[in-house]
Amino acid sequence: MLQGALAGLAAGGLYAVLAVCLTLMSRLVRVVNFSQSATGMFGCYVAVWLSIHIGLPTWAAAVVGIVLGSALSALLGWIISTWLAEADIGTRSAVTVAVLLLLISLSFILFGNKPQPFHPLLPGPAFSVNGVVVSQVTVVTVVLSVLIALGCRALLTKTSFGLELRALSERPTTAELMGIPAKPLAVAVWAATGLLSTLVITIVAPSQSNDATSLSMLVVPASAAALLGGFRRLDLAVVGGLVLGMAQGAVAQVDSLSVVRYFLPFLVIVGLLLWSQRKEVWDVAR
Amino acid sequence: MSRAETGPLIRFGGPLVVAVAAIAVGYSLSVGLDGYFVYLGMSAIVAGIALLGLGVVTGSAGMISLCQLTFAAVGAWVVSGLNKAGAPGGFVVWLICGGIAAGLVGILVGLPALRLRGINLAVVTLGLAAAADLTLVQIQFPGTVDGISVERPDAFSDDRNYFWLGTIVLTVCCLLVHFLRRTRWGSGWQAVAFSERGTAAAGASVRTSKLTAFAVSAALGGVAGGLLTGQVGLAFPASFSSMQSLALYVLAVMSGVHMIDMAVFGAVLWVAVPELLKRWGVPQDWGFVIFGLLGTHALTTGGNLGTAVREIWRRRSKGAAGVELAAPPADLEVLPPGAPVLTVSGLSVSFGEVKALSNVDIAVPSNGVLGVIGPNGAGKSTLVDIISGFLPQATGVVELDGQSLNGKSPTKRARAGLRRTFQQDRVPAGLTVGSYVRFVARRRLGADEIAEALEFFGCPPARTPLRRVDVGARRLVEVVGHLLAKPKVLLLDEPAAGLPHEEHVALGLRLRQVPARFGVSVLLIEHDLDLVRSVCDTITVLDFGQVLASGPQAEVLANPEVLKAYMGETELL
Amino acid sequence: MRKIMRCVAVAAAVTLVAAGCANGSDSSSGGGSGPIVVGSVNALSGAATFPEASAAAKAVFDAANASGGVNGRQIQYKALDDKGDPAAAAAAAREVVGADNAVALVGSSSLIECEINSKYYEQQKILSIQGVGVDPSCFNSPNISPANVGPFHDMTLTLLYGSEVLKLDKICALLEIAGNTLPSYQAAIDEWSKITGKKLAYMDATVPYGGSDYTSYIVKARSAGCKAITVNPVEPDSIGQLKAATAQGWNDVTWLLLTSVYSENYAKAISNAGAGVYVPAEFYPFTDAASAQTKEWRDLMTKNNIPLTSFSQGGYLAAKYFLQVIKGIKGDINRESVTKALHDMQPISDPMVGTSYTFGTGQTHHDNTAGWPIKLMSGTNKWELAATDWLRIPKN
């Protein structure tokens with residue numbers, strides 16, 4: 001069990017970073033971004049394409065890919081904050097569903113569906129605990145998820161930029177009146193989360209199977225993790241991601257539970273919703 | 001839709017005639033088409049039924065459901081399972097069982113998600129779709145190991161006849177959705193899509209409305225899955241992948257499938273786009289890219305193919321319908337106010353540090369109209385929210401006719417005879433005036449009764465679609481609906497907002513007659529003192545969340561404290 | 001109500017359009033002097049695609065057409081897409097068999113096509129020489145006979161190679177089960193046990209197909225003491241599994257895989273192959289560039305810019321077999337005569353396969369039992385021959 005749990009930690013770190021991105025998006029720009037990991041996947045595929053067909057060195061290709069993932073996310077953010085500035089979170093999120101579909105199909109067209117020959121950025125094991133090896137990727141993703149969460153928290157609470165962002169999300173009208181530039185800030189948030197998710201997917205993709213669909217569908221366990229924090233709290237999102245990854249790894253050790261493993265994110269989502277919504281709440285908007 | 005208030009013959013006969021015609025067209029297609037197109041047509045029919053379901057949940061009820069094909073998989077499972085077991089009844093019975101099973105699964109999945117609003121249903125359904133995707137690949141549909149193909153009914157065993165069976169099933173599903181839309185469920189779907197608070201205030205359960213929408217949608221998905229199994233012979237996980245579910249959702253959004261004809265149109269797109277791509281030699285993957293782009297476009301512009309086509313269809317768009325209050329109402333003796341029917345005592349609520357209301361006492365007399373006035377931010381709307389149950393964290397006692405309402409949900413309070421209207425427009429534009437009034441009233445109403453009440457308030461006639469009614473008139477339609485519910489007390493939150501000022505007094509004259517005419521006591525929140533003067537026997541003044549004065553109209557308005565509170569708000573005096 | 005009227009209008013419009021299309025596509029049917037229509041149903045789009053088999057078959061037919069066709073008639077080859085979608089696969093079969101009146105299906109390669117269409121082919125009395133058959137129905141239907149060995153015999157072969165040639169013990173199986181393939185793989189493993197008297201050390205049939213992270217399965221297999229692992233993976237999954245093993249520092253494991261991973265792409269993607277990846281190639285290894293066995297195929301593929309893969313070998317062979325058979329037909333070439341010719345054909349041998357091919361009238365077609373062992377070692381990024389002759393499943 002412990003072995004399995006540690007083995008699932010790399011996936012957990014990935015979920016955690018994506019969950020942090022989802023939480024930031026939901027808090028700051030009112031969107032549950034279903035295309036979060038798909039943008040990362042796309043940037044990452046571009047990186048691989050560049051390194052193979054143009055012959056760019058791995059790191060340079062990775063940088064270009066990450067920038068592209070970020071730009072893609074920013075473009076989507078720009079579209080949404082231009083045309084759907086006043087729309088509710090449902091409509092804004094529905095756009096990202098369409099984009100998810102679009103990105104997966106587009107990657108089939110552009111990059112085919114054969115496996116991409118990724119060059120691992122971080123090969124091999126880092127250390128072992130009780131005979132279970134913890135890989136370098138695991139260490140990096142877990143550390144990265146915690147760092148990103150802490151960094152975002154500090155940014156939001158300690159800096160004037162963060163203050164403006166929070167003002168924008170909590171009192172949009174007042175913030176606009178105070179002259180805070182709503183759209184550029186929103187696009188910046190999109191760009192930043194796009195950057196983070198492409199970065200982490202670029203790190204993890206070489207060390208696991210990496211077809212377009214499975215990378216894009218990482219958004220499901222990630223949103224389960226984000227839900228632990230109610231799409232509000234970054235720390236709980238990180239914890240949720242790590243725990244979910246470990247739980248999946250542990251369950252995989254038991255053959256009879258193999259189907260349960262697939263339903264784990266779903267069950268977590270349902271359970272959390274039941275718990276967090278045990279009281280009826282009326283939101284002001286509708 | 002627009003003939004909702006016409007006679008039963010047209011209301012039921014019309015769609016039936018169209019259905020018979022559709023089945024006839026289906027038959028001629030099944031005979032006349034090339035074999036390959038018959039098969040494609042079957043795929044379109046399957047997609048059409050699934051889209052019809054999505055239309056109910058995403059179109060009518062405004063939720064995001066991303067696992068329509070998972071429900072189809074449930075239907076397929078049941079059909080192939082019953083086939084393998086050799087269950088009695090044959091294919092059609094199995095198909096119905098599949099639909100019912102999928103509906104039940106829909107309820108199970110929806111139950112946790114539907115309590116809450118916003119995006120959670122999308123997260124839940126995507127999670128389910130992804131999990132089902134992996135699971136279905138690993139486990140097998142019943143009968144696939146042994147290659148037992150599902151037996152089509154004897155009369156429909158070849159492709160052409162099966163296509164015809166498909167058109168019949170599709171037509172029945174269309175009829176079902178068409179008539180369901182006219183029931184309370186259907187009105188509830190429309191209402192909940194537009195405003196959950198508005199739905200609860202009408203005494204309809206938000207959860208039931210969403211759950212029925214989700215269950216009906218899932219059941220239609222199940223039927224689609226069962227039909228697909230009969231089409232292919234065996235059920236395969238690849239038919240129910242989450243990518244396809246996503247694509248179906250996007251297609252639903254972009255073609256506007258809450259309209260039944262658009263569901264059929266969307267189904268045609270579902271097969272026509274890949275077919276055209278094939279003919280032009282374009283790789284099939286572009287199909288989903290096209291859907292993705294069109295879906296994004298539809299969402300960002302707020303339009304869809306359905307509405308666009310409709311606009312072209314009916315060029316002759318009429319102007320908005322408004323309120324006609326010019327003629328004074330017939331005289332009616334005003335009853336003397338009686339004992340209090342609604343008493344509120346010690347009501348307090350705070351939002352964080354801010355005390356929005358503290359220790360408010362109010363009593364609404366039976367047969368009376370109590371006015372609640374006060375400057376902006378005095379807490380008037382908060383008071384209505386508390387009394388009607390939308391702020392459960394408030395403290396204090398609310399009693400209706402001697403019964404405590406504390407701890408009851410807005411829906412329960414509405415059913416107990418305490419109704420309210422909203423300051424903002426919470427009237428779903430998808431209904432007609434008549435069907436909305438029936439939905440809000442929650443009781444059997446004769447057409448005459450509705451027409452009379454609407455006429456009394458100068459509202460447009462019952463068959464007018466609400467989307468063509470202006471905002472001021474919509475507010476009054478809302479009032480009429482709630483009055484026809486015959487509650488004990490109706491809380492009106494600034495009903496005159498949205499009406500031109502000169503009609504305020506005309507409205508006042510009518511509100512004055514409400515207790516006598518409808519047997520309903522009224523708590524009127526108003527900004528316009530002229531209106532309040534013309535209507536209210538007693539007045540309570542709120543200021544900074546506290547009761548400043550309370551009593552008969554003349555007394556209160558003469559109170560120097562009240563005058564002081566209103567200083568600066570000169571337009572009120 | 002009015003909306004339903006419009007439904008009818010839309011439906012009527014669709015009828016007209018569809019009827020128009022129907023008329024348009026009717027022209028190519030019928031026998032006589034027109035072209036010989038040959039079809040195939042392939043996975044050309046979606047999450048897993050195999051376009052090379054039908055492309056290779058088309059190249060063969062194009063070459064035949066260029067040199068005068070068959071008995072003076074041109075071959076019209078129609079490769080249709082099933083999108084990995086069952087309904088589309090069934091529709092494609094109906095289009096090419098029903099509407100286009102094909103004489104046979106040649107060079108199809110799809111994950112699902114055999115299972116879905118085998119019954120339909122029986123009804124329509126049409127035969128299919130599958131380029132690359134994958135699912136069990138490709139091997140146990142009377143009307144389908146693939147040109148390739150198939151994953152099940154391939155699994156027996158890879159186990160034989162591991163236990164008998166490499167002398168490995170403690171072989172474990174990680175099976176990715178999609179649909180109804182488990183009994184067939186179990187039969188393949190049982191056959192190996194029957195021949196060698198050996199048993200698997202451990203088997204896990206719960207490995208997800210298309211999963212994202214395989215670490216936990218690898219950890220489980222390692223702690224079970226496995227020295228060699230046989231898997232039936234698709235390429236991306238196998239890459240994920242090897243990478244998971246690398247990340248765990250498990251470098252002495254031998255991988256006994258199937259032809260499904262035999263590609264240049266795969267070799268490039270694998271930098272650490274543990275103690276080696278061994279595959280019994282279903283056709284003579286195409287990566288042996290200098291080989292005489294593959295020269296003819298290689299030249300044709302290179303000329304037509306078709307990727308050199310096992311899939312294009314399968315498609316090429318299917319088309320070759322078909323051509324050879326129909327060239328011997330006296331009289332009109334139509335579905336009936338083609339079916340008869342295939343039923344009566346003499347075995348055809350080709351240097352690219354270890355077993356000669358025949359269709360015949362059997363109820364099943366699972367007689368191709370030879371693979372050529374190849375290996376992929378760490379750091380080479382290249383497939384190399386691991387044997388000098390075919391490895392064959394002994395006949396009882």
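## Confidence in chain B

Helices are DSSP runs (H or I, at least four residues), numbered from the N terminus. Over residues 1-5 of chain B the pLDDT is below 50. That stretch still has 18 contacts in the model beyond near neighbours in sequence. Two residues are in contact if their C-beta atoms, placed from the backbone, lie within 7 Å. Where pLDDT is low, the predicted coordinates should not be read in detail. Chain B as a whole averages a pLDDT of 85, and 94% of the residues score at least 70.

This is a predicted model, in which local features need pLDDT of at least 70, side-chain atom pairs count only at pLDDT 80 or more, and totals for chains, interfaces and linings use all residues. Residues are numbered from 1 along each chain as its sequence is written, while chains are lettered from A and ligands numbered from 1 in the order in which they are written.

## Where chain A meets chain B

In this interface, 42 residues of chain A are in contact with 46 residues of chain B. On the chain A side, helix 4 (58-83), helix 5, helix 11 (219-228) and helix 13 (258-276) each supply at least two residues. The largest share, 17 residues, comes from helix 5 of chain A. By class, the chain A side divides into 32 nonpolar, seven polar and three charged residues. Ala, Val, Leu, Ile, Met, Phe, Trp, Tyr, Cys and Pro count as nonpolar, Asp, Glu, Lys and Arg as charged, and the others, Gly among them, as polar.

Helix 5 (residues 89-111) of chain A packs with helix 12 (residues 286-301) of chain B at an angle of about 160°, with their axes 8 Å apart. Axes are lines fitted to C-alpha atoms, for helices over the stretch in contact, and angles run from 0 to 180 degrees between N-to-C directions. The two helices are therefore roughly antiparallel, a term for angles over 145 degrees. Their crossing is left-handed: the near helix is turned anticlockwise from the far one by less than a right angle. Residues of helix 5 of chain A in this contact include Ala94(A), Leu102(A) and Ile109(A), and those of helix 12 of chain B include Trp286(B), Phe291(B) and Leu299(B). This contact has 14 nonpolar, six polar and no charged residues.

## Helix pairs within chains

In chain A, the axes of helix 12 (residues 234-251) and helix 13 come within 9 Å and cross at roughly 155°. This pair is therefore roughly antiparallel. The crossing of helix 12 and helix 13 of chain A is right-handed, with the near helix turned clockwise. The contact residues include Leu244(A) in helix 12 and Arg261(A) in helix 13. They divide into seven nonpolar, one polar and one charged.

In chain B, helix 6 (residues 159-182) and helix 9 (residues 206-232) pack at about 175°, with axes 11 Å apart. They too are roughly antiparallel. The classes are eight nonpolar, three polar and no charged.

## Two domains in chain C

Chain C is assigned domain 1 (36-149 + 292-365) and domain 2 (151-281 + 371-392). Such bounds come from an automatic or database domain assignment. The domain centres, taken over C-alpha atoms, are 29 Å apart. Nine residues of domain 1 are in contact with 17 residues of domain 2. The domain 1 side has five nonpolar, three polar and one charged residues.

Technical notes
Parallel < 35°, antiparallel > 145°, perpendicular 65-115°, else oblique. pLDDT = per-residue confidence, 0-100.
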